[in-house]
Structure formats: structure tokens, C-alpha cells
Amino acid sequence: MFHSAGRARREHDTTTIPNISALAVLQGVSKTFGSGDTAVHALARFDLTIAAGELLVVLGPSGSGKTTLLNVVGGIEAPTTGSISVDGRALTGLDAKGMAALRRESLSFVYQFFNLVPTLTAYENIAVLAELTGGAVRFRVERVLAEVGLAECANRFPAELSGGQQQRVAIARALVNRPRLMLCDEPTGALDLDTGRTVLTLLQRLCHRDDRAVVLVTHNQAIAAIADRVLRMRSGDIVDDVQHSTPLAASEVSW
Ligand SMILES: Nc1ncnc2c1ncn2[C@@H]1O[C@H](COP(=O)(O)OP(=O)(O)OP(=O)(O)O)[C@@H](O)[C@H]1O
Ligand SMILES: [Mg+2]
């Protein structure tokens, strides 16, 4: 459900999109790097709507445009054509300040190699982001650490944590500002099966219990079984888009 501040914003916002359960809407989106003979068409022109509560797995060979898709949805890259709305706001209409606010409030990223700051503890890695949105930093950081099962590890440095624990800190960091859309690029790529399952269980629960959307890019076909929806990409195009009515529980996934 949208919280009341979100509703208020929508009522005064001329860029509001009609379908409030859509967290991201892409229309006619393409992305070309370079020009002329050396142009790379990373995304062909396509339309995509990502719904609240949806765990969307994106599969496709290397170079098919998966990371580019996350980057345009996350506002890191501007699309060459088309329009993108995230959480009711049109990215193309936003100035740098508006984009920063959207990234802070509505979106977060999780990467394959965690990207934790090695000289900061688990607590501090998360607090850095929590401080961007103000108050109750200690409470919020402790709550997300508990949510990912790492309350006891708050004062450890990344090098003192296992790979799976580091990824859970990265997920806690991505969660601390309660974003509605999480963009994850190979979040289990560096993890073994057991820790991968723990991380996927967390992401699946966030979608289903908290009505957020997670876009999870992976090369691992087995992970598709836990998705509510699976997109397959090839050469910048969506070549397949399948819904699962009863996705596998992430705790049961195997590879
Ligand atoms: N900044 C850039 N400049 C030029 N070309 C780029 C840039 N970023 C991506 N590309 C190209 O766009 C295409 C799509 O790249 P992208 O990183 O989205 O693929 P991917 O599906 O994430 O691949 P992988 O599975 O290897 O991570 C590739 O041909 C890539 O070389
Ligand atoms: Mg990639």
C-alpha cells in the first residue's frame, strides 16, 4: 500500500501515472551507446510495466542489455528514446535534485560484489544512506540489520563477514530508506547455494510481504523458478515475458 505522504504527493503531481500498482512504466524505451558505425544498441525500443509485489527475474546472455535496463530504470543512464516513470514520477522531467530525491526515496541497487565500504562497519555502511533521509538513523539501521538476520554483526567490518553476510548487509543498506523498487544485478553471483538461497528468500519476502518490486538480473536459469515473472532478453529486446502464478519458494531453489 502507498503511505499517506506518497498519496499526497501523487495528488499534486502532474506526472502521476494512472495505474497506482505500477512501480515502473517504460514506454518506447531504447538506449544506444555511441553513434555511426560504432553505435551499440543496448536496448531496442520496448514497453514494460513493473507491478508492486512483483519479483521480476531478467535472464539473457552477456551483452543482451540487462544491466542497461536496470541503469535506465534507476536513472543512472538516460534512455535514448522513450519515457520512464518510477513510483509515479517521470524520470525525463526530473532535474538533478529531483533525480537524487527519487533515488533516495523510491529506488535502490544491489550489486554482485556488494560494494560495501571496507573501512566502515556493517552499521556504518548502512547509516551513511539512512542519514540522507534524516531522522531515527539508529533505529532504522538496527531494524534493517535485524530484518536480514545480522543484528549481532553491526560492528563488524566487511572483511570480518562471509560473502553471504556481506550481501545481506548490502541488501539491508538497499532497504534502509524503504524504497519501493529494488534493482539487483546478479545479487547471488558471488555466493554459494546456501547463502544464495538466504538472500533470495529475503528478496522474495520483500516482494510478497511488503508489496515492493524487485528486478533481479541473473545468468542463473534456476533462479527463474522463484520469480513471479520472467523476462528473457536478447540483443536489447525482450524476447519472452512469462508470469508464474505459483512461484517456487526461494528456500527450495537449487542449482
Ligand atoms: N557505457 C557503455 N558504452 C558503450 N557500450 C556499452 C556501455 N554499457 C554497455 N554497453 C554495451 O551495451 C550492450 C549491453 O550491455 P549490458 O551491460 O547491458 O549487458 P548485460 O546483459 O548486462 O551483460 P552481462 O550479462 O555481461 O552483464 C553490450 O553490447 C555492451 O557492450
Ligand atoms: Mg550486466
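Reader: Leaving aside neighbours within four places in sequence, which residues is M182 in contact with?
Author: First, this is a predicted model, where local features need pLDDT of at least 70, side-chain atom pairs count only at pLDDT 80 or more, and totals for chains, interfaces and linings use all residues. Residues are numbered from 1 along each chain as its sequence is written, while chains are lettered from A and ligands numbered from 1 in the order in which they are written. Contact here asks for C-beta atoms, placed from the backbone, within 7 Å. With those neighbours set aside, M182 is in contact with S108, V110, A174, R212 and V214.

Reader: OK, and is M182 buried or exposed?
Author: M182 is found in strand β7, residues 181-185 (strands are DSSP runs of E, at least two residues, and helices are runs of H or I, at least four, both numbered from the N terminus). A residue is buried if 20 or more other C-beta atoms lie within 10 Å of its own, exposed if 12 or fewer, and partly exposed in between. M182 has 23 C-beta neighbours inside 10 Å, so it counts as buried.

Reader: How far apart are the C-alpha atoms of M182 and L70?
Author: Along the chain, these two are 112 residues apart.

Reader: What does V73 touch, not counting residues up to four places away in sequence?
Author: V73 sits in helix α2. It is buried because 25 other C-beta atoms lie within 10 Å. Beyond the residues up to four places away, V73 touches A24, I84, V86 and L183.

Reader: Which element gives the most to the shell around ligand 1?
Author: The shell takes in residues whose C-beta atom, placed from the backbone, lies within 6 Å of the ligand, including F33, G34, K66 and T67. Both β2 (40-51) and α2 (66-73) supply at least two of the shell residues. With 3 residues, the top contributor is α2.

Reader: In helix α4, why are the buried residues on the same side?
Author: The buried ones in α4 (residues 122-130) are A122, Y123, N125, I126, L129 and A130. They are on the same side of α4 because the arc they cover around the axis, taken from the directions from the helix axis to the C-beta atoms, is only 165 degrees.

Reader: How many bridges join β1 to β2?
Author: Strands pair if DSSP finds at least two bridges between them. In this pair, K31 stands opposite L43 in β2. The strands run antiparallel, and the number of bridges joining β1 (residues 22-33) to β2 is 8.

Key:
Contact = placed C-beta atoms within 7 Å.
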